[in-house]
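Student: I would like to learn how to read pockets and helix packing in a protein model. Could we go through one together?

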Amino acid sequence: MNTVRTMSIPGKIFVLFMLLILAIAFFGPFAVMIMGSVQKMRDMAADPLAWIPMDPTIYNFSQIFTQGSFLRWFFNSMIITVIPVLSQLFLCTLLGYIFAKKQFIGREFIFWSMMAIMMVPNQLLIIPKYIMFAKFEWINTYWSVIVLELWTILGVFLVRQFMHSIPTELEQAAYLDGANDFQIFLRIIIPLSMPAIATVGTFAFIANWNDLFTPLIFMTKEDMYPLTVGLASLLTREGNFGLQMAGSVISFIPTFLIFLFFQRYFTEGISLSGMK
């Protein structure tokens, strides 16, 4: 039964009103970013409505590329995002397949121990990680960020849950046809698991591209900043709100394109990842 259709008119009005409030709350910061990127530098503190562009201009977008470090920041973001995404796509898919389809001693204990580790806040572990990476001389290197994101427990969980919905009979039929584990994984499991794999890839790209906390701790040199840290430093250094918003718009485009391209797989993967 459709709950919305059975609601009374006042109930529907209340639901629509709450949805409108949530839409404004979520869209508001995005609108400020867009409008701030096409305005000239103004005193935001002195004028509460300064973010409304009275004289739109693309000056900030042309100016952002004259910043000597912007392209370097963009390159750094690509490095610390693309490599972990590719690594997670492979490792999370492989581990998810092992935990979903293979039987071995301690499988459930190992898996749920991993899930328990996921409950520990990242901020709690950042100091031991910093000490360890300092001894490895990884501070201000890509390794300090990339190694932490080579695989994720959440990704393994999503793929494992999805693969539970793949009939075991398909594997048994492939074994009878003479296929080995690698062939089954490559030719049967991966194609059928594309929604879950795309979901993991989308999560990984957005999380790594937008990560501010980890690079802020491990990257102290300006030429090693990713876009998130670099743009955060722009307002303090340049004092130009519009310039920072223009950089934020440019930074937003890759994540938007990734989500737009994988939206169909992403939605299907989320809806089916809980099936067992």
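Student: How many nonpolar, polar and charged residues are there in the lining of the second largest pocket?

Tutor: Keep in mind that this is a predicted model. Sorting the lining of the second largest pocket by class gives nine nonpolar residues, five polar ones and no charged ones. The lining has 14 residues, and those that lie nearest the centre of this pocket are Met33, Asn210, Ser248, Ser251 and Phe252. Two or more residues each come from α2 (9–37), α13 (227–238) and α14 (241–261), and α14 gives the most, with six residues.

Student: Which residues lie nearest the centre of the largest pocket, and which element gives the largest share of its lining?

Tutor: The largest pocket is lined by 26 residues, and nearest its centre lie Leu148, Glu149, Trp151, Thr152 and Ile153. The elements that contribute two or more residues to this lining are α5 (107–118), α6 (122–135), α8, α11 and α12 (213–218). The largest share, five residues, comes from α11. By class, the lining of the largest pocket has 17 nonpolar, six polar and three charged residues.

Student: Now I would like to turn to helix packing. At what angle do α8 and α11 pack, and how far apart are their axes?

Tutor: Helix α8 (residues 153–163) packs with helix α11 (residues 194–209) at an angle of about 165°, and their axes are 9 Å apart. An angle over 145 degrees counts as roughly antiparallel, and α8 and α11 are therefore roughly antiparallel to each other. The crossing in which α8 passes α11 is right-handed. On the side of α8 the contact is made by Gly155, Leu158, Val159 and Phe162, and on the side of α11 by Pro195, Ala196, Thr199, Val200 and Phe203. These residues of the contact between α8 and α11 fall into seven nonpolar, two polar and no charged.

Student: Which residues of α11 and α14 make the contact between those two helices?

Tutor: Begin with the geometry, in which α11 and α14 pack at an angle of about 170° with their axes 10 Å apart. That makes α11 roughly antiparallel to α14. The contact joins Thr202, Phe205, Ile206 and Trp209 of α11 to Ser251, Pro254, Thr255, Ile258 and Phe259 of α14. By class, the contact of α11 with α14 has six nonpolar, three polar and no charged residues.

Student: Is the crossing of α9 and α10 left-handed or right-handed?

Tutor: The crossing of α9 and α10 is right-handed. The axes of helix α9 (residues 168–176) and helix α10 (residues 181–192) come within 10 Å and cross at roughly 145°. Leu170, Glu171, Ala174 and Tyr175 of α9 make the contact with Asp181, Ile184, Ile188, Ile189 and Leu192 of α10. In the contact of α9 with α10, seven residues are nonpolar, none are polar and two are charged.

Conventions
Residues numbered from 1 in each chain as written. Predicted model: local features only at pLDDT ≥ 70, side-chain atom pairs only at ≥ 80, totals over all residues. Heavy atoms only, no water. Axes fitted to C-alpha atoms, helices over the stretch in contact; angles between N-to-C directions. Helix = DSSP H or I, 4+ residues; strand = E, 2+ residues; numbered from the N terminus. Parallel < 35°, antiparallel > 145°, perpendicular 65-115°, else oblique. Left-handed = near helix turned anticlockwise from the far one by under 90°. Contact = heavy atoms within 4.5 Å. Nonpolar A, V, L, I, M, F, W, Y, C, P; charged D, E, K, R; others polar. 1 Å grid on protein atoms, 1.4 Å probe; cavity = no way out; pocket = protein on both sides within 12 Å on 5 of 7 lines; lining within 4 Å.
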